[in-house]
Amino acid sequence: MKRVFSGVQPSGLLTIGNYLGAIRNFTTLQHEAECYFCVVDLHALTVPQDPEELRRNTLNTARLFVACGVDPTVATIFVQSHVPEHTTFSWLLECTAYYGELRRMTQFKDKAAKQEVVTAGLFTYPALMAADILLYQTDEVPVGEDQRQHLELTRDLATRLNSRFGPLVKVPEAYIPPRTAGGRIMSLQDPTEKMSKSSQDSRSYVALLDPPDVIRKKIRSAVTDSGREVRYDPEEKPAISNLMVIYSLVSGESLDTIAERYGGSGYGKFKNDLAERVVELVTPIQRRFQELSEPGAIEAILEAGYSKAQPVAAATLQAVQAAFGLVPRGQIRGE
Ligand code: AMP
Ligand code: TRP
């Protein structure tokens with residue numbers, strides 16, 4: 001059976017961009033493949049975190065996976081830091097990746113430009129991401145378009161390891177939806193920027209846990225383009241096109257159907273209806289999220305996830321360590 005791995009950082013909230021670009025696809029892939037979905041808490045540490053908040057966000061991100069429809073009896077949901085093989089392998093990949101390769105990463109350049117101080121971890125972040133993926137002999141990685149470059153690097157590192165040592169790890173494929181299928185949902189305030197949970201302006205995104213009235217307000221105040229025609233045209237009408245993609249994905253209707261219905265009726269009605277569609281999407285997610293608030297419920301899911309993930313990771317790591325020439329512990333004693 002095909003293996004799928006993906007990770008989401010526990011950096012606060014999840015947006016409808018995270019949902020439409022990635023998590024929605026987790027829920028379909030879980031029925032076709034053996035799936036590992038990881039809350040990548042160690043990646044979150046590459047920028048400053050409040051410890052108490054990180055703890056809460058890690059558990060809530062896992063709760064949101066389940067609330068969005070990831071079934072913990074089918075897919076493996078776990079926390080990255082619980083499986084120490086990730087960091088051990090990451091070091092070996094840091095010693096495989098080139099400085100120049102990491103320096104070219106656009107996410108590093110963007111994030112570094114926004115930080116007062118840049119940690120070494122922010123720089124080596126893609127090696128840890130490659131470790132996450134390669135440990136599980138992954139075939140496919142469902143992510144948004146912003147992760148394409150990291151996936152390319154992961155593939156390069158996998159190929160490098162295999163050509164140096166013989167077949168050790170699977171070379172994974174990216175599973176990135178086209179833009180009209182959610183691969184890159186844009187900010188509600190600036191259609192040239194991707195929708196991001198780390199944005200300072202909370203009006204630029206809809207969070208999955210935003211109350212209905214907040215969602216209505218955010219969508220009504222989303223920027224639009226000149227003119228009043230609702231038409232899919234990413235060049236001329238980037239803001240409306242983004243809203244149309246969101247509408248299409250949450251309603252299941254095609255862009256053509258939407259253009260036909262709202263083409264001449266102006267932006268107001270279109271935005272009001274879109275807000276209601278988005279509220280309909282998040283309402284059951286929010287209900288399930290609340291149902292998982294029972295103490296210990298999500299912790300039990302994560303513990304079961306650890307038990308399934310760790311042996312898989314350990315098997316790959318053992319083979320990789322041997323290939324690098326690291327001496328296994330037992331043999332020293334047996335000399
Ligand atoms: P992150 O929150 O950065 O850990 O992202 C989690 C997942 O959501 C990754 O697969 C991202 O590529 C995806 N993602 C984040 N923002 C967007 C967006 N605006 N549009 C589509 N996918 C996104
Ligand atoms: N870098 C990804 C992001 O910011 C998160 C991530 C970490 C990830 N490890 C991963 C995604 C492994 C897919 C597979 O969205």
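## Ligand 2

An oxygen atom of ligand 2 lies 3.0 Å from an N or O atom in the side chain of Gln9. This is a polar contact (a pair of N or O atoms within 3.5 Å). The model is predicted: local features need pLDDT of at least 70, side-chain atom pairs count only at pLDDT 80 or more, and totals for chains, interfaces and linings use all residues. Residues are numbered from 1 along each chain as its sequence is written, chains are lettered from A and ligands numbered from 1 in the order in which they are written, and side-chain values use heavy atoms, without hydrogens and water.

Alone, ligand 2 exposes 360 Å², of which the protein buries 91% (accessible areas by the Shrake-Rupley method with a 1.4 Å probe). Strand S1 (3–8) and helix H7 (120–135) are the elements that give two or more residues to the shell; the largest share, four residues, comes from H7. Helices (H or I, at least four residues) and strands (E, at least two) are DSSP runs, numbered from the N terminus.

## Ligand 1

Around ligand 1 there are 16 residues, and the closest are Gly144, Asp146, Ile185, Met195 and Lys197. A residue counts here if one of its heavy atoms lies within 4 Å of the molecule. Backbone atoms make the following contacts. A polar backbone atom of Gly144 is 2.8 Å from an oxygen atom of ligand 1. A polar backbone atom of Ile185 is 2.8 Å from a nitrogen atom of the ligand, and a backbone N or O atom of Met195 is 2.9 Å from a nitrogen atom of ligand 1. Taken alone, ligand 1 exposes 490 Å², and the protein buries 93% of that.

## Helix H1

H1 gives four residues to the shell around ligand 1, the largest share. The helix has 14 residues (16–29), so at 1.5 Å a residue it should span 20 Å; its end C-alpha atoms are 18 Å apart, which agrees. The expected span is 1.5 Å times one less than the number of residues. A kink of about 40° is centred on Ala22, where the bend is the angle between axes fitted to the seven residues ending there and the seven starting there.

Because 11 of its 14 residues are buried, H1 is largely enclosed by the rest of the structure. Buried means under 20% relative accessible area (1.4 Å probe, protein chains only). Among the buried residues are Ile16, Tyr19, Ala22 and Phe26. At the start of H1, a side-chain oxygen of Thr15 comes within 3.0 Å of the backbone nitrogen of Gly17.

Terms used: Buried means under 20% relative accessible area, exposed over 50%, partly exposed in between (1.4 Å probe, protein chains only). A polar contact is a pair of N or O atoms within 3.5 Å; within protein, one must be able to donate a hydrogen and the other to accept it, and residues adjacent in sequence count only if both atoms are side-chain atoms.
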